[in-house]
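Here are my notes for you on this one. Keep the structure open while you read, and find each spot as it comes up.

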Amino acid sequence: MSPVFPMLTVLTMFYYICLRRRARTAARGEMMDSHRTIESNSRTSSLNAEVVQYAKEVLDFSSHYGGENSMSYTMWNLAGVPSVFPSSGDFTQTAVFRTYGTWWDQCPSASLPFKRTPPNFQSQDYVELTFEEQVYPTAIHILETYHPGAVIRILACSANPYSPGPPAEVRWEILWSERLTKVNASQARQFKPCIKQINFPTNLIRLEVNSSLLDYYTELDAVVLHGMKDKPMLSLSTSLIDMNDLEEDDYEENDGCGMDNLNQNFSNAALREGSNNGYFDKLPCELIQLILSHLTLPDLCRLAQTCKLLNQHCCDPLQYIHLNLQPYWAKLNDTSLEFLQTRCTLIQWLNLSWTGNRGFISVAGFSRFLKVCGSELVRLELSCSHFLNETCLEVISEMCPNLQDLNLSSCYKLPPQAFSHIAKLCSLKRLVLYRTKIEQTALLSILNFCSELQHLSLGSCIMIEDCDVIASMIGAKCKKLRTLDLWRCKSFTENGIAELASGCPLLEELDLGWCSTLQSSTGCFIRLARQLPNLQKLFLTANRSVCDTDIEELASNCTRLQQLDILGTRMVSLASLRRLLESCKDLSLLDVSFCSQIDNRAVLELNASFPKVYIKKSFTQ
């Protein structure tokens with residue numbers, strides 16, 4: 001046979017693979033390159049005009065810089081037409097998340113990361129936006145006005161939030177994602193990622209962000225959704241075949257496949273008889289366990305199907321002592337939890353943050369799982385898990401007697417009376433209640449019985465009537481407290497400071513940002529500096545009364561200080577800051593934004609003298 005024929009055969013197979021890939025791409029709505037998107041749109045009927053709309057409403061979000069009863073720096077500013085763009089700078093009319101940079105991972109209140117987190121899951125915060133009309137998305141424009149580059153993933157949901165009845169099915173599809181990269185610019189930009197086409201209309205868009213590489217807070221002004229009312233037809237012309245189509249399935253598809261395996265493949269015990277174990281059965285069991293511990297959860301699901309030996313190891317409860325299910329929030333449901341039950345009998349750390357919303361996880365399904373797997377739980381992360389109700393917290397208090405770490409951040413749908421059950425968890429060492437509706441009575445009960453608390457977050461808890469009473473109870477009962485977040489507590493005064501300073505001498509971190517009732521003239525900040533020498537992080541954000549005397553007391557007494565935020569003060573001079581920097585050798589973050597006595601020349605001078613310290617200076621727009 002002529003050697004030409006094998007070559008023709010190879011080319012024919014290559015051509016066939018290309019066509020198959022193109023067909024799969026059209027059916028699944030794979031990402032199209034920009035030139036293909038334009039060509040596809042040109043084939044769309046002229047009657048199917050493109051709809052351009054701004055967000056109608058902000059439905060949900062994980063955090064924001066602003067207050068719950070304000071519009072300044074809140075996520076709600078993302079609804080409607082832009083207020084700032086194309087201007088650049090720090091504007092209160094924009095949406096700003098709570099954190100930026102790596103500072104929050106370096107402070108005493110930071111938690112240890114979970115193992116088995118997929119490397120491509122890097123999301124830290126999210127916001128969900130609704131639009132008036134359901135469309136097939138063709139483009140999404142994000143108007144970023146300050147320090148852009150935080151958005152790393154965009155998703156679309158099949159459910160219509162404005163539909164009168166419950167949806168038959170809720171699907172999330174990733175329109176665009178990108179690994180975390182640094183944008184070396186702080187100016188405004190209109191971000192236009194190239195999104196893929198999907199096979200369902202949507203009016204619910206979710207942005208996921210990671211601000212860890214930013215030099216300051218990212219600010220978003222508006223989101224524009226472009227789309228067609230009718231499903232656009234894709235051309236299958238072979239001239240549009242792109243070499244990128246021959247790449248392996250991307251992470252998002254693998255992720256989905258893996259979570260489907262949680263529901264199906266783990267329950268499949270029909271492994272082939274006589275499966276060849278290769279040489280794995282020659283290895284010590286401990287070594288096999290160590291090797292498998294580096295796999296992500298979906299990979300562990302797939303490997304369980306290969307042979308009986310690996311199935312036994314993949315289903316071993318020792319592989320599930322630490323389980324992070326947050327990366328799979330879009331697919332995790334009651335069935336997933338049910339099939340994980342037998343493997344999680346020894347689980348100690350469980351992350352269910354962001355999961356279970358829109359009916360994916362029921363109260364009954366969550367309760368069944370904890371009744372089987374809760375006895376050894378030490379850490380439970382439930383941030384933004386809106387399926388939770390009072391029954392869930394009651395089950396946690398009964399089934400998790402060893403719980404030391406509970407995160408209910410932004411679980412704002414929990415009713416106030418639900419929090420009273422937390423008082424039964426007497427071993428708690430860390431409790432995060434940021435943006436919850438906990439009331440004073442329930443919190444006092446928790447503080448009275450949970451005397452082992454070391455880390456407590458009460459930021460933006462607007463239902464607390466008198467923070468001084470809370471501070472008095474903390475000082476009396478929580479002698480081991482190391483970190484306390486009172487961000488935007490509006491009823492905290494110098495009396496509360498006195499109770500904390502005298503009762504909690506081990507405090508290393510204290511966030512009093514935007515506590516507007518604190519006044520330096522009362523001597524409260526001097527008391528803090530003199531009685532809390534272990535302070536490593538102190539945030540006095542937006543307190544205009546902080547003065548040189550306060551800074552000099554910190555320099556004299558708090559030499560372990562690493563992070564200090566005095567944004568907005570008008571009474572701190574360059575000389576006192578220099579004394580602070582000379583005394584606090586470990587200082588790594590100093591935010592003097594909008595400090596009227598500290599100009600750009602002063603910051604440059606400090607940067608030259610103390611290059612290891614990140615000194616942040618922002619100016620009014």
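1. Start with the parts list: the protein has 16 helices and 21 strands. Keep in mind that what you're looking at is a predicted model.

2. Next, the chain as a whole. Of its 621 residues, 54% are buried. The accessible surface comes to about 26,200 Å², and carbon and sulfur atoms account for 53% of that. If you take the contacts with a separation of 6 or more, 81% of them link residues 24 or more positions apart.

3. Now trace the open sheet. Twelve strands take part, with parallel pairing, and their order runs β10-β11-β12-β13-β14-β15-β16-β17-β18-β19-β20-β21. Which strands stand at the edges? They are β10 (322-324) and β21 (614-616); each has a single partner strand, so one side of each is left without a neighbour in the sheet. On average, neighbouring strands here are turned by 5 degrees against each other, direction ignored. As a reminder, strands of a sheet pair through backbone hydrogen bonds.

4. Zoom in on the β10 end. This strand pairs with β11 (residues 349-351) in the parallel sense, over three bridges. To see how they line up, find His322: opposite it stands Trp349 in β11.

5. Is Cys489 buried or exposed? Its relative accessibility is 3%, and the cut-off for buried is under 20%, so Cys489 counts as buried. Leaving aside neighbours within four places in sequence, Cys489 is in contact with Leu458, Cys467 and Cys515. Take Leu458: it lies 31 residues from Cys489 along the chain, yet their C-alpha atoms are separated by 8.2 Å.

6. Last, go out to the surface. Phe280, Leu283, Leu287, Leu290 and Ile291 form a nonpolar patch there, with about 380 Å² of accessible area together. One of them, Leu287, sits in helix α4 (residues 285-292). Why does Leu287 count as partly exposed? Its relative accessibility is 36%, which falls between the 20% limit for buried and the 50% limit for exposed.

Definitions and conventions:
Residues numbered from 1 in each chain as written. Predicted model: local features only at pLDDT ≥ 70, side-chain atom pairs only at ≥ 80, totals over all residues. Heavy atoms only, no water. Patch = residues over 30% accessible without salt bridge, like charges linked within 9 Å, V, L, I, M, F, W, Y side chains within 5 Å. Areas by Shrake-Rupley, 256 points an atom, 1.4 Å probe, with all protein chains shown as cover. Salt bridge = Lys/Arg side-chain N within 4 Å of Asp/Glu carboxyl O. Helix = DSSP H or I, 4+ residues; strand = E, 2+ residues; numbered from the N terminus. Buried < 20%, exposed > 50% of the residue type's maximum accessible area, 1.4 Å probe, protein only. Pairing = 2+ DSSP bridges. Axes fitted to C-alpha atoms, helices over the stretch in contact; angles between N-to-C directions. Contact = heavy atoms within 4.5 Å.
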